[in-house]
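Hi,

Here is the structure I promised to pass on to you. Have a look at it first, and then read on for what turned up.

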Amino acid sequence: MLPASHPCYNEHMIGLDNIEALAEQLVEGSFGRLFRPPMHPSELVRRLARAMEDHQVFDEAGQLSLPNEYRVFLSPADSAALGDDRQALCRQLGGCLEQLATQERKRFSGPLTITLHEMADLEAGEVEVQAGHAAEPPVRRDTRQLAVIAPAVTGADGWTLRSGERVYRLGEPVVRLGRGLSNDVILEDARVSRRHAQLRWRQGSYYLSDLGSTFGVAVNDRRLRPGDEVLISDGDRISLAGVVLTACAQRGPLGR
């Protein structure tokens, strides 16, 4: 991990300057035509970077290892717009991740692969990223596959979100909130975006960020800005476009 004094380091996420610089590479390439409001290439790179961070694990040598398989989901319209450029875009996105890994001084858990897929409930401009680890196939009989240990989420299962009489139990390292059926916390309210916000478990605490929602996210009436990640404490009131959820812990801040 880079030292805190390093210009590319941020305690909670990869530096925004690095993401913007990599996004410019996509704009200047042949894919500028794909990116139109409300999707910007920086959002796509940011989603990849966050997926890379969220799913890093410790290998058998005790070193942090980055996920090497990424599935990028686009709307049917955006997927069709790519045409024959799908493989070329995957190569460019792979180059972005390799640069981020180099900046973070980390390695992938195996050969890096990125694939593009359609997701029917995504609208034009929306994107979703999934990441995971796949061990490199052994090339010799004595070659061992990479053993990974899931990042610690001890204490996360003691947390819930409450809305009236409805209780949403947490516990996962990443919890997504929104109106779409692919979210972990589904809020059936027209004001809530399909992919509205995200909770990430870091060092014994959950942090909240806005996923580019239409009507915003607030914590105790404080509006989150793009790129913010805010520590959530027991009793905090989280507002997603006016839909209020209360964070509750067995003991806190965020931990059992």
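Let me begin with the contacts in the protein chain: among those between residues at least 6 apart in sequence, 62% join residues at least 24 apart. Please keep in mind that this is a predicted model. The protein chain has four helices and 18 strands. Of its 256 residues, 48% are buried. The accessible surface comes to about 13200 Å², and 47% of that belongs to carbon and sulfur atoms.

**The three-stranded sheet**

One place to start is an open sheet of three strands, in the order β5-β3-β6, with mixed pairing. Its edge strands are β5 (113–118) and β6, each of which pairs on one side only. On average, neighbouring strands here are turned by 20° against each other, direction ignored. Strand β3 (residues 69–74) runs parallel to β5, and six bridges join the two. If you want to find this pairing on screen, look for F73, which stands opposite H117 in β5. Helix α4 (residues 86–104) packs on the sheet and touches β3 and β5, its direction making about 130° with that of β5.

Q130 itself is found in strand β6 (residues 127–132), and it is partly exposed, with a relative accessible area of 40%. Q130 and R71 are 59 residues apart in sequence, yet their C-alpha atoms are 5.1 Å apart in space.

**The five-stranded sheet**

There is also an open sheet of five strands, again with mixed pairing, in the order β11-β10-β12-β13-β16. Strands β11 (185–186) and β16 (230–231) stand at its edges with a single partner strand each, so one side of each has no neighbour in the sheet. Strand β10 (residues 174–178) pairs with β11 in the parallel sense, over two bridges. In that pairing, G178 has I186 in β11 as its bridge partner.

**Salt bridges**

How many salt bridges does the structure hold? There are nine, and three of them are described here.

- E53 and R202 form a salt bridge, with their closest N and O atoms 3.1 Å apart. E53 lies in helix α2 (residues 41–54) and R202 in strand β12 (residues 197–202), so this pair ties together parts that are 149 residues apart in sequence. Both residues are buried.
- R200 and E229 form another, the closest N and O atoms being 2.7 Å apart. R200 is in strand β12 while E229 is in the loop between β15 (222–223) and β16, so the pair ties together parts 29 residues apart in sequence. R200 and E229 are buried too.
- R191 and D189 form a salt bridge whose closest N and O atoms are 3.0 Å apart. R191 is partly exposed, with a relative accessible area of 39%. D189 also counts as partly exposed, at 21% relative accessibility.

**Two backbone angles to check**

Most residues other than glycine have a negative phi.

D221 has a phi near 70°, a positive value in a residue other than glycine. D221 lies in the loop between β14 (217–219) and β15. Is D221 buried or exposed? With a relative accessible area of 70%, D221 is exposed, because the cut-off for that class is over 50%.

A241 is not a glycine either, and its phi is positive at about 55°. You will find A241 in the loop between β17 (237–240) and β18 (243–249). Here the relative accessible area is 14%, so A241 falls under the 20% cut-off and counts as buried.

That is the tour. Happy to go through any of it with you on screen.

Best wishes

Methods
Residues numbered from 1 in each chain as written. Predicted model: local features only at pLDDT ≥ 70, side-chain atom pairs only at ≥ 80, totals over all residues. Heavy atoms only, no water. Pairing = 2+ DSSP bridges. Salt bridge = Lys/Arg side-chain N within 4 Å of Asp/Glu carboxyl O. Buried < 20%, exposed > 50% of the residue type's maximum accessible area, 1.4 Å probe, protein only. Axes fitted to C-alpha atoms, helices over the stretch in contact; angles between N-to-C directions. Contact = heavy atoms within 4.5 Å. Areas by Shrake-Rupley, 256 points an atom, 1.4 Å probe, with all protein chains shown as cover.
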